[in-house]
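Work through the exercises below with the sequence and the model at hand. Each one sets a task and then gives the solution in steps.

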Protein chains: 8
Amino acid sequence: MAAKVGIVMGSDSDLEIMSKAAEVLEVLKVEYDITVISAHRMPDVFYDYAKGAEDKGYKVIIAGAGGAAHLPGMTAAIFSLPVIGVPIMTKSLGGVDSLYSIVQMPAGIPVATVAINGAQNAGILAAKILAASDEELLGRIKEYAAGLKETVAAKSEKLAKIGYQEYLKESNK
Amino acid sequence: MAAKVGIVMGSDSDLEIMSKAAEVLEVLKVEYDITVISAHRMPDVFYDYAKGAEDKGYKVIIAGAGGAAHLPGMTAAIFSLPVIGVPIMTKSLGGVDSLYSIVQMPAGIPVATVAINGAQNAGILAAKILAASDEELLGRIKEYAAGLKETVAAKSEKLAKIGYQEYLKESNK
Amino acid sequence: MAAKVGIVMGSDSDLEIMSKAAEVLEVLKVEYDITVISAHRMPDVFYDYAKGAEDKGYKVIIAGAGGAAHLPGMTAAIFSLPVIGVPIMTKSLGGVDSLYSIVQMPAGIPVATVAINGAQNAGILAAKILAASDEELLGRIKEYAAGLKETVAAKSEKLAKIGYQEYLKESNK
Amino acid sequence: MAAKVGIVMGSDSDLEIMSKAAEVLEVLKVEYDITVISAHRMPDVFYDYAKGAEDKGYKVIIAGAGGAAHLPGMTAAIFSLPVIGVPIMTKSLGGVDSLYSIVQMPAGIPVATVAINGAQNAGILAAKILAASDEELLGRIKEYAAGLKETVAAKSEKLAKIGYQEYLKESNK
Amino acid sequence: MAAKVGIVMGSDSDLEIMSKAAEVLEVLKVEYDITVISAHRMPDVFYDYAKGAEDKGYKVIIAGAGGAAHLPGMTAAIFSLPVIGVPIMTKSLGGVDSLYSIVQMPAGIPVATVAINGAQNAGILAAKILAASDEELLGRIKEYAAGLKETVAAKSEKLAKIGYQEYLKESNK
Amino acid sequence: MAAKVGIVMGSDSDLEIMSKAAEVLEVLKVEYDITVISAHRMPDVFYDYAKGAEDKGYKVIIAGAGGAAHLPGMTAAIFSLPVIGVPIMTKSLGGVDSLYSIVQMPAGIPVATVAINGAQNAGILAAKILAASDEELLGRIKEYAAGLKETVAAKSEKLAKIGYQEYLKESNK
Amino acid sequence: MAAKVGIVMGSDSDLEIMSKAAEVLEVLKVEYDITVISAHRMPDVFYDYAKGAEDKGYKVIIAGAGGAAHLPGMTAAIFSLPVIGVPIMTKSLGGVDSLYSIVQMPAGIPVATVAINGAQNAGILAAKILAASDEELLGRIKEYAAGLKETVAAKSEKLAKIGYQEYLKESNK
Amino acid sequence: MAAKVGIVMGSDSDLEIMSKAAEVLEVLKVEYDITVISAHRMPDVFYDYAKGAEDKGYKVIIAGAGGAAHLPGMTAAIFSLPVIGVPIMTKSLGGVDSLYSIVQMPAGIPVATVAINGAQNAGILAAKILAASDEELLGRIKEYAAGLKETVAAKSEKLAKIGYQEYLKESNK
């Protein structure tokens, strides 16, 4: 089956963060491609990627970048379907530079921006977008959310049972 | 036909901005509902809205709010399909409070955030999400983008023809 | 005796910080409950918690959360008595996102916000709120404050006696 | 009956904002005093005020100040019951200076901080603090909240009825 | 003679600011072109512009944009000679979004960034770049700087002569 | 008698703000000079000014500048006695740029920084510096402070007498 | 001889930073006292300190504090001679909270603010203030500045001689 | 051959960052000098440096500084050819202080500012400025850019081949 989500990032130093998008898409059984393309260092390759994305069958692209992060916005300028932007945390400014560079897009060219380093959420959002026309995927997303809820509920119960002192001791082991 | 997009905002003072989402959805021929619900002042009404949204046929919800903006994130906590957040500009902090309150969501619950006051882009993004499974809508979105391009191209030509002094004079009339 | 203060947080990763509220309430002999409830991941559980809080006898709720921190504000939207918000420090933005998400509440729904990671102060503030109608508790609060004063006074004396070079040497041991 | 809430501000230029606290306390039938005392320009008067506040019967003090806003924190250093801080918006920094000066208090001395210019919420919060031991006041607070809800509900209905174009026209009249 | 400097901006709403670059280049007798090209709305036109710039004889490009400002950085990704970026002031964030989007470029692709709305300085900087190999232009730049100095010197003298009260009265006329 | 305080600013557009320093020095009967010198546009004139300042008898220099504000720090690099810096508010960044450019000086070269647009305080601070060895001036400073206190006290009394509604009405006339 | 400079800080956790002020005053042979007084935890002790400071012979007070840093401003409200404020770096906000709390003082009550953690500069500034009426101290300050210059000059020479690669190797040993 | 680029920094603590400018200039075969001059601690030496720079044959100066960074702007005030500013990251404010101090220059005196710690880009920008009149250098710059592109392309291929899990494992070795 053809991939429906393209994951792209500007540098392989973003891979550790961006791989969280891939991981959650695997859990949700959504096909994806993942690649590194620098809009700044290889603009031609980038253009070809963005122009060819619809024909490859991508329905959503997840683009992550840090600093003066142009990859998500430029992808959205070329690719007509939804683009999700992941602002990567930076050492000097904490990622507020990446966030502003991605979210403050001009009228006409939206980028669906998630939290700084929020690649996992980018993956979930991509799945939700596909789920707008895919009942089965929607079901898997709901199961996934139920799982998150249960995880917190279990922690909540444990805290109620053993008290916060004990809980912290176990966490810090 | 049932509305596919719900537009909701926390206060009618946000309506002037949020109506831009409605306007662009009309242009793109996407059915929508628009309403005012305060997650803070009427939490029960809000809960019913968010829980009933899927059954009403909404495929996307656009939620706008300012300051400690909880409406988009709380909608995303309940509604399983994509939620788009519009941070409304604030007088004291320029909307950076709204932006952080909407975009910095925890893992598991994404909100697709657009620019401060970026309701028009929220509308376009909602349409793009629907277009992932609607070729005709995708066609209309491409036409719309072409229109934006032509508008800028026309201005570019005019500037080339009359020069910047004349252009500015006409703009400031 | 029934607990008068509810301490709630969105994630068990906040427990190390939030436990400081519990600790100071113990010192001040104020009954409390402490639990983990994610407004985002388990909105129904959260609603039940907030709605049932008054009947359980809570007079104050302390809510801590980080990032797009909606727990304190949503609690305040449902629970009619005072809600104290603790913004949890975040890795990327230092907690300014948590702070804005908690303090910038719209008219009608106040959250009594304390410093970033200021859970100890949240506990003291909860006690002060109860002390508005409890002379004995007020007495204990004044003793506690006197203790803080003595601690600083002792350090001040020591510094005067041994000089700053010696003082720093001992501190860095 | 003796006033239970003291409202104090550092300058009469803050009165327009701070009077919103007085107004809401009147609605909720809570007795209050309102005065102007500069901690910086009249530190002795300020000390006497803060020291005498408990004997005057104040259960809560609302303190508003802008810029390097020390009034709320210094009041909390002397007065043992709850102090609510209102950061006043500033021309240069939008009030982020006032906010940080009020909310970032050291351990031991909490100030219950509300939004920038959030004096109305400060009044409501003061009432909620008193309501922790006053069932009738709690009743009035709930009525007040119900009123806020109805106001939004009415707007919501109107919007549903006349549509956003008409609604905006009427608002801008 | 062929233009040596290209001035480009993302929207004609930036023209009022960006025309200051053109004005100072005229004073310094440097040939330039000025045009409006949106990297987001017309990416193909933009690519052709940036790729053809060297052949047209441009030695420097001045690019101005606001918000998620990608035009300067994307130009620098394609055009091998110096690109000067002008961050345009924005209503919500004052232009700090534009500044970060332009200045925080990754290693390999510099953009010479000037102050927010600093188009006049962008023009002067372009001239200085050309002056590195053009003694006559360097002479004109020095004359221009001398003129600036004289303007301030004249004001300084006037202030010394008439005093600040009189000076302010005349300024406010 | 020779002037003891030099007031200098980078542009005559700062004069309206900086004249507040002059005004308060007049009230406190401290001799001063006031002038406009741009460290950037006339570096030689600036150097001569800073180098000659001690011989002219200046004991303190007050320097105001906005944006990348180098005048105060460069004065402090040359003049051995205290330099007071006044960060001037800017349109885009509110003066946080001016503040950082003035206050964040490296070890060895302090600038005594006051609030954004705080020229009046700069004048008072200059007087306090001189008052460290001038008992009479110290007396005048104390009188001045007493005057400020009385002004607030009078407002406080008026507010107590006529109530806040009436007070606001009179203020808004 | 009586101390001419008082160094005070809100917490002994600030001592490591604040001791830099003491060290430089020793080098410059200026008598000083150093102590820890919390304006928040021991307001009475603080008041006595600030009120008695002039009689003790202090000509300048250096006050350091972090977060909602009220110590410098409250000292300036009581002590009539110059107060120098040192904003202490904070973990969450980097010290921008401390900086705003100290520098943004209202008209009438200046605090001479130095850089975040800039205690060494606070010491130098205190000396410069005393030097306004003490030629010998001014001489020592000039010698100190000459020493700083020589240190940099020596590094500059070494860099010229051994090249940057060798220089960095030696530095990183 | 005489050096065409001067690299200067305010402190040898900036050398580790600033040496990246030197390294890239070596790769591009551009002659340069590198030195440490503090505009604050040795203003006379600095003035001589800036005034003599043109005669020494410098066509561009790269100046790096942190905090209240005045070196780039003061260099630009004296040297008539292009000055490139490198804002050095700071511990407390992440370098936003350095950035504002360098980029927000007044009209007339541009500094070509690069990213925080962006010394490598400063070197490339200097080379591009020289390349405006040096075809061979332009050729070397294009080769360098091609090299960067190949590096990313190789990573991209590797990722495609071995998958992200394996890629991350190898990176973390």
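The model is predicted.

**Exercise 1. Symmetry of chain G and chain D**

Step 1. The same surface serves both copies, since 100% of the contact residues of chain G recur in chain D.

**Exercise 2. Chain C against chain D**

Describe how chain C superposes on chain D, and then work out what makes up the interface of chain C and chain D.

Step 1. Chain C is superposed on chain D by a rotation of 180 degrees with 0.0 Å of shift along its axis, and the RMSD is 0.0 Å. Of the contact residues of chain C, 100% recur in chain D, and the same surface serves both copies.

Step 2. Count the residues. In chain C, 37 residues are in contact with 37 residues of chain D.

Step 3. Take the area. The size of an interface is often given as the accessible area lost when the parts come together. Between them, chain C and chain D bury about 3100 Å², with 61% of it on carbon and sulfur atoms. Three residues, C:P110, C:N121 and C:K128, supply 18% of the area that chain C buries against chain D, more than any other three residues.

Step 4. Look for charged and polar pairs. The rule finds 2 salt bridges across the interface of chain C and chain D. In a salt bridge between C:E54 and D:K142, the closest N and O atoms are 2.9 Å apart. Residue pairs in polar contact between chain C and chain D number 16, with both residues at pLDDT 80 or more.

Step 5. Assign the contacts to elements. On the side of chain C that touches chain D, at least two residues each come from α4 (96–103), β5 (112–113), α5 (119–131) and α6 (135–171) of chain C. The largest share of that side, 7 residues, comes from α5(C).

**Exercise 3. Recorded features of chain A**

Locate the features that UniProt lists for chain A, and decide whether A:S11 and A:D14 are buried, partly exposed or exposed.

Step 1. Under "domain: PurE", an unreviewed UniProt entry lists residues 3–152 of chain A. This span is 47% helix and 17% strand, and its end C-alpha atoms lie 32 Å apart.

Step 2. The feature "binding site", also from an unreviewed UniProt entry, is placed at A:S11, A:D14 and A:R41.

Step 3. The loop between β1 (5–9) and α1 (15–27) of chain A holds A:S11. The loop between β1 and α1 of chain A also holds A:D14.

Step 4. A:S11 has 24% relative accessibility and so counts as partly exposed. A:D14 has a relative accessible area of 8%, so A:D14 is buried.

Step 5. Neighbours within four places in sequence aside, A:D14 is in contact with A:M9, A:G64, A:A65 and A:I88.

**Exercise 4. Two residues of chain H**

For H:S98 and H:M42, give the element, the burial and the contacts.

Step 1. H:S98 is in helix α4 (residues 96–103) of chain H. Its relative accessibility is 0%, so H:S98 counts as buried.

Step 2. Apart from neighbours within four places in sequence, H:S98 is in contact with H:A65, H:G66, H:G67, H:A69, H:P87, H:I88 and H:T90.

Step 3. H:M42 is in the loop between β2 (32–36) and α2 (43–56) of chain H. At 3% relative accessibility, H:M42 counts as buried.

Step 4. Not counting residues up to four places away in sequence, H:M42 touches G:K149, G:V152, G:A153 and H:I37.

Step 5. From H:M42 to H:A115 there are 73 residues in sequence and 26 Å in space, C-alpha to C-alpha.

Definitions and conventions: Residues numbered from 1 in each chain as written. Chains lettered and ligands numbered in written order. Predicted model: local features only at pLDDT ≥ 70, side-chain atom pairs only at ≥ 80, totals over all residues. Heavy atoms only, no water. Contact = heavy atoms within 4.5 Å. Least-squares fit on C-alpha atoms with pLDDT ≥ 70 in both. UniProt positions renumbered as here; feature names shortened; annotations may be inferred. Helix = DSSP H or I, 4+ residues; strand = E, 2+ residues; numbered from the N terminus. Buried < 20%, exposed > 50% of the residue type's maximum accessible area, 1.4 Å probe, protein only. Buried area = accessible area lost by both parts, 1.4 Å probe. Salt bridge = Lys/Arg side-chain N within 4 Å of Asp/Glu carboxyl O. Polar contact = N/O pair within 3.5 Å; in protein donor to acceptor, adjacent residues only side chain to side chain.
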